[in-house]
Amino acid sequence: MALPAITVSRLDVARLEALLAAAHGEVAEGLEEELLRATVVAPQAMAADVVTMNSRIRCREQGRGRDMSLTLVYPEDSGPQKVSVLAPVGAALLGLSVGQSIDWPAPNGKTLKLEILAIEYQPEASGEDLE
C-alpha cells in the first residue's frame, strides 16, 4: 500500500514529539513513523486544506459511504466527535489533504478507507497556533 504524502506543521511536530516521549504502543509507533516521513512546514506556511492538530474535518468512510465530522485532538481532549491523535484513525488523518484517503486498521481487524472531504476549521488558516 502506497502511503499518501502528508504535511505537518513544525509546532504540531514539536508538541507530538513531546507527547510520544511518554506514549507507548503500536499507534504511538505508527504516529512516530508518520512524523518521520512528513513534510514539515512553518505553521504560517500550512496549506488550508491540510488536517492539522485541532482541525475539524469532514471525512467519508468509503466502505459504508458514511460521512462524519471529526476534530483531531490531543488525547486529553478526546470525546464525542473528537478523535485523539493516538487513536488509529487520528494518527491516520494527521497531515492528509482534502481529496486524499488512507487505509488504516480498525480495532476489529478490518481496514477502513477514509477520505478527507473538507476542512471545516483549521487553527493555522484561522490565524491561531502560529507559534
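Thr71 lies in strand S4, where helices (H or I, at least four residues) and strands (E, at least two) are DSSP runs, numbered from the N terminus. At 16% relative accessibility, Thr71 is buried; the word means under 20% relative accessible area, while exposed means over 50% and partly exposed in between (1.4 Å probe, protein chains only). The model is predicted, and local features need pLDDT of at least 70, side-chain atom pairs count only at pLDDT 80 or more, and totals for chains, interfaces and linings use all residues. Residues are numbered from 1 along each chain as its sequence is written, and side-chain values use heavy atoms, with hydrogens and water left out.

- Leaving aside neighbours within four places in sequence, Thr71 is in contact (heavy atoms within 4.5 Å) with Asn54, Ser55, Arg56, Gln81, Lys82 and Val83.
- Strands S3 and S4 run antiparallel and are joined by 6 bridges; two strands pair if DSSP finds at least two bridges between them.
- Across that pairing, Arg56 stands opposite Thr71.
- S4 also runs parallel to S5, with 3 bridges joining them, and here Lys82 in S5 is the bridge partner of Thr71.
- The hairpin of S3 and S4 has 4 residues between the strands, and Gly65 in the turn has a positive phi of about 65 degrees.

**Strand S7 and its neighbours**

- S3 and S7 run antiparallel, joined by 6 bridges, and Arg58 has Ala118 in S7 as its bridge partner.
- S6 and S7 are likewise antiparallel, with 5 bridges between them, and Trp104 stands opposite Leu112 in S7.
- S6 and S7 form a hairpin too, with 5 residues between them, and Gly109 in its turn has a positive phi of about 90 degrees.
- Leu112, in strand S7, is partly exposed, with a relative accessible area of 25%.
- Apart from residues up to four places away in sequence, Leu112 touches Glu61, Ile102, Asp103, Trp104 and Ala106.
- Leu112 and Ser101 are 11 residues apart in sequence, and their C-alpha atoms are 9.9 Å apart in space.

**The largest nonpolar core**

- A nonpolar core is a set of buried Ala, Val, Leu, Ile, Met, Phe, Trp, Tyr and Cys residues joined through side-chain atoms within 4.5 Å.
- The largest one has 30 residues, and Leu16, Ile57, Leu93, Leu94 and Ile116 touch the most other members.
- At least two residues of this core come from each of helix H1 (10-22), helix H2 (26-37), strand S3 (56-61), strand S4 (66-73), helix H3 (88-93), strand S6 (101-105) and strand S7 (111-121).
- Beyond its neighbours within four places in sequence, Leu94 is in contact with residues including Ile6, Val8, Leu16, Leu31 and Leu35.

**The largest pocket**

- About 180 Å³ of space lies in the largest pocket; grid points are joined across faces, edges and corners, and a volume is the space filled by probe spheres set on the points.
- On a 1 Å grid over the protein atoms alone, a pocket is an open set of points where a 1.4 Å probe fits, with protein on both sides within 12 Å along at least five of seven lines, and lining residues have an atom within 4 Å of a point.
- Among the lining residues are Glu61, Arg64, Arg66, Met68, Trp104 and Leu112.
- S4, H3, S6 and S7 are the elements that give two or more residues to this lining, and S4 supplies the largest share, 3 residues.
- The lining has 9 nonpolar, no polar and 3 charged residues, where Ala, Val, Leu, Ile, Met, Phe, Trp, Tyr, Cys and Pro count as nonpolar, Asp, Glu, Lys and Arg as charged, and the others, Gly among them, as polar.

**Loop residues worth a look**

- Tyr74 sits in the loop between S4 and strand S5 (82-84) and is buried, with a relative accessible area of 11%.
- Not counting residues up to four places away in sequence, Tyr74 touches Asp12, Arg15, Leu16, Leu19, Met53, Asn54 and Ser84.
- Tyr74 and Ile6 are 68 residues apart in sequence and 19 Å apart in space, C-alpha to C-alpha.
- Most residues other than glycine have a negative phi.
- Asn54 has a positive phi, near 70 degrees; its place is the loop between strand S2 (39-41) and S3, and at 25% relative accessibility Asn54 is partly exposed.
- Gln81 also has a positive phi, about 60 degrees, without being a glycine; Gln81 lies in the loop between S4 and S5 and is exposed, with a relative accessible area of 58%.
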